[in-house]
Structures are given as structure tokens and as C-alpha cells.
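User: I would like to learn how to read a two-chain model. Could you take me through it feature by feature?

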Amino acid sequence: MRNKGFSSVVRNEMKLTLPSYSVNEGVARAVVAAFCAQLDPAASELADVKCAVSEAVTNCIVHAYRDSVGSIYITVKILEGNGVRIEVRDRGCGIADVKAARQPLFTTDPSGERSGMGFTVMENFMDILRVRSKPGKGTVVIMFKRFAGRGENK
Amino acid sequence: MMNSNCGFEHEYNEGELYVRLRGEIDHHSAAMLRGDIDTLIYEKRPQRLLLDLSGVGFMDSSGLGLIMGRYSLVREFGGSMAILDPAEPIMKILNLAGIKRIIAIEKTKGAKKK
């Protein structure tokens, strides 16, 4: 199966579109965490999700729309079996070399005091990270995580 | 809500600058914190910077950049730095980046808190 044991059955779904203002980093992670809370995740699991979402959204703001303001499209799906699928999409500048960008400490913005750890955080804090990008078209980040919490969603 | 989700208090004593961050540290808040903390560092030129993270509820990789940037600046002035009392989720991202190989992480159990 493509997504390593994650069900394709969607139990609930939310969409959120935000302009790429940095104040929306906090908004995005709070809203996604609130939506995920229905699965009754452990506090540490929710902290992981918040951090991963914050990284993905920050990438849109700092990199994708570096010289402009654009829309960030976030879709969260609650999957059967206590899983969650989070998609963060932009129509920004895109990434020329995704493989290089995913390496720890990689950054194209040395002036801005970026740590280059964004994708590394997403990769480590979530179960699956997929990144697709086209220069000039935009980037899609898709992350999956299963919560060990005993939550039963309806 | 523009800038109210983070902030810090500080104390300066005989070469030691103690900064207690609070709130959520992300790219948005780090930009503001960076300027204010650097103003203090330039002014005091501390021999030691203590960055207390016990009041930080959220931090992403922008926080790593903030920490490493302050470390570089303090070192420029010949000073050293330590991180105090990060909560569990903060510790997780510090460990992921291997920060403790560069900067000491100390548990004071609140002894240093105001």
C-alpha cells in the first residue's frame, strides 16, 4: 500500500486557506491541532503535529512566497484507524532540488538565520513525509501520522 | 495577537545575562525576539548568556535559528552560553538538532526562575 498502512477511508476533513503572513504560522498550527484533538492524541503527539505544521507553513512564507504574499492551502483528513493526513500546498516559487532541500541544515536563505531543519523536523515528527514541487508552480507537502491515543472518532 | 504570543524578561549580574523566554517561538516571534535580545547583548557584552526556556510552550526550527544566532553573537564577544530548563517537547527538537553538542543544556528545576 502506498501510504504504509494508513487507511484511505476519510472520517472527517477540514480545509483552511490563509495568506502567507507570518502571524498565520501560529493560527495554522492551532487550528490543525484543534481539529486533530478529536482523535484524543497524547500531548506529545499533538506537539509533534503542531511543530510539523508550523515548519510546512513557515516554508511557504519564507521560501515559496519570499517576495510576495500568496495563499497557503491546508487540508487535514482524519483517517480510519486514528490516522491523520495533513497537506500544505502553495503556488509559490517551488523547489529546484527536493532531495537536497530535505537534507538537514540545507537552506537557501543564509541571511535570515534559518536553521535548515524544517524538513528534518517534519520527517522526524510525522510518520510519512512526501514533498512534491515544481519550480515556478509551487510545492505540496503531505504528512501522515497515526496517534497511539485511545480515541474513538465517530 | 500580532506580537503578543511571546516575550522575555531579563536580568544582568556581573557579566551574566539571564534571559527568560516565554510563549511560542516560531519564525514570526523569533524575528522580534532576535532584535530585542541582540540589543541587550550588544549593550551588556555578557561573559555568559543564560537562556531560560522553561516558559516556552512551543518552539519550531526557527527557535533553533534563534538560539544558534545568539550563541554566535555571544561568542563574538568572547562569552559562553547555556540553555536552561526546556520542557519535554522543546527538548525533543533541541535533541533532533544536536544542540547539546554545542551549547550546554542545564536543568535548574526552577532555582534560577524569578
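Analyst: What follows goes from the folds of the chains to their helix packing and then to the contact between them. Keep in mind that this is a predicted model.

User: Let us begin with chain A. How many helices and strands does chain A have, and in what order do the elements run?

Analyst: Chain A has four helices and five strands. Their order is β-α-α-β-β-α-α-β-β. Next, check the overall dimensions. The radius of gyration of chain A is 15 Å, close to the 15 Å that the globule rule gives for 154 residues, so chain A is as compact as a globular protein of that length. Its C-alpha trace spans about 45 × 30 × 25 Å along the principal axes.

User: What share of the residues in chain A is buried, and what share of its contacts joins residues 24 or more positions apart?

Analyst: Of the 154 residues in chain A, 44% are buried. For the contacts, take those with a separation of 6 or more. In chain A, 70% of these are between residues 24 or more positions apart.

User: Now chain B. What pattern does chain B follow along the sequence?

Analyst: Chain B reads β-β-α-β-α-β-α-β. That comes to three helices and five strands. The C-alpha atoms of chain B fill a box of roughly 30 × 30 × 25 Å along the principal axes. Buried residues make up 39% of the chain B total of 114. Among chain B contacts between residues at least 6 apart, 71% join residues at least 24 apart.

User: On to helix packing. What describes two packed helices?

Analyst: Two numbers do: the angle between the axes and the distance between them. Apply that to α1(B), residues 27-44, and α2(B). Their axes come within 9 Å and cross at roughly 15°. An angle under 35 degrees counts as roughly parallel, so α1(B) and α2(B) are roughly parallel to each other. The crossing of α1(B) and α2(B) is right-handed.

User: Which residues of α1(B) and α2(B) meet?

Analyst: From α1(B), they are H27(B), A30(B), L33(B), R34(B), I37(B), D38(B) and I41(B). The partners in α2(B) are S62(B), G63(B), G65(B), L66(B), G69(B), R70(B), L73(B) and V74(B). Sorted by class, this contact has seven nonpolar, five polar and three charged residues. Look at the spacing of the numbers with one idea in mind. An α-helix has 3.6 residues a turn, so residues three or four places apart point the same way.

User: Are α2(A) and α4(A) roughly parallel or roughly antiparallel?

Analyst: Start from the geometry again. The axes of α2(A) and α4(A) come within 9 Å and cross at roughly 150°. Over 145 degrees counts as roughly antiparallel, and α2(A) and α4(A) are therefore roughly antiparallel to each other. Their crossing is left-handed. In α2(A), D48(A), C51(A), A52(A), E55(A), A56(A), T58(A) and N59(A) meet G118(A), V121(A), M122(A) and F125(A) of α4(A). The residues of this contact divide into six nonpolar, three polar and two charged.

User: Why is α4(A) described as largely enclosed?

Analyst: Count its buried residues. Helix α4(A) covers residues 118-125, and six of the eight are buried, so the rest of the structure largely encloses α4(A). The buried ones are G118(A), F119(A), T120(A), V121(A), M122(A) and F125(A). In chain A they pack against α2, α3, β4 and β5. In chain B they pack against α2 and α3.

User: How many residues of each chain are in contact across the two chains?

Analyst: 21 residues of chain A are in contact with 21 residues of chain B. On the chain A side, α1, α2 and α4 each supply at least two residues. The most comes from α2(A), with nine. By class, the chain A side has seven nonpolar, nine polar and five charged residues.

User: Finish with a single residue. Is L64(B) buried or exposed?

Analyst: Count the C-beta atoms around it; 20 or more within 10 Å means buried. L64(B) has 24 others within 10 Å, so L64(B) is buried. L64(B) lies in helix α2 of chain B. Beyond its neighbours within four places in sequence, L64(B) is in contact with S115(A) and M117(A), and with I93(B), A97(B) and I99(B).

Key
Residues numbered from 1 in each chain as written. Chains lettered and ligands numbered in written order. Predicted model: local features only at pLDDT ≥ 70, side-chain atom pairs only at ≥ 80, totals over all residues. Buried ≥ 20, exposed ≤ 12 C-beta atoms within 10 Å, placed from the backbone. Contact = placed C-beta atoms within 7 Å. Axes fitted to C-alpha atoms, helices over the stretch in contact; angles between N-to-C directions. Parallel < 35°, antiparallel > 145°, perpendicular 65-115°, else oblique. Left-handed = near helix turned anticlockwise from the far one by under 90°. Nonpolar A, V, L, I, M, F, W, Y, C, P; charged D, E, K, R; others polar. Rg over C-alpha atoms; globule rule 2.2 N^0.38 Å.
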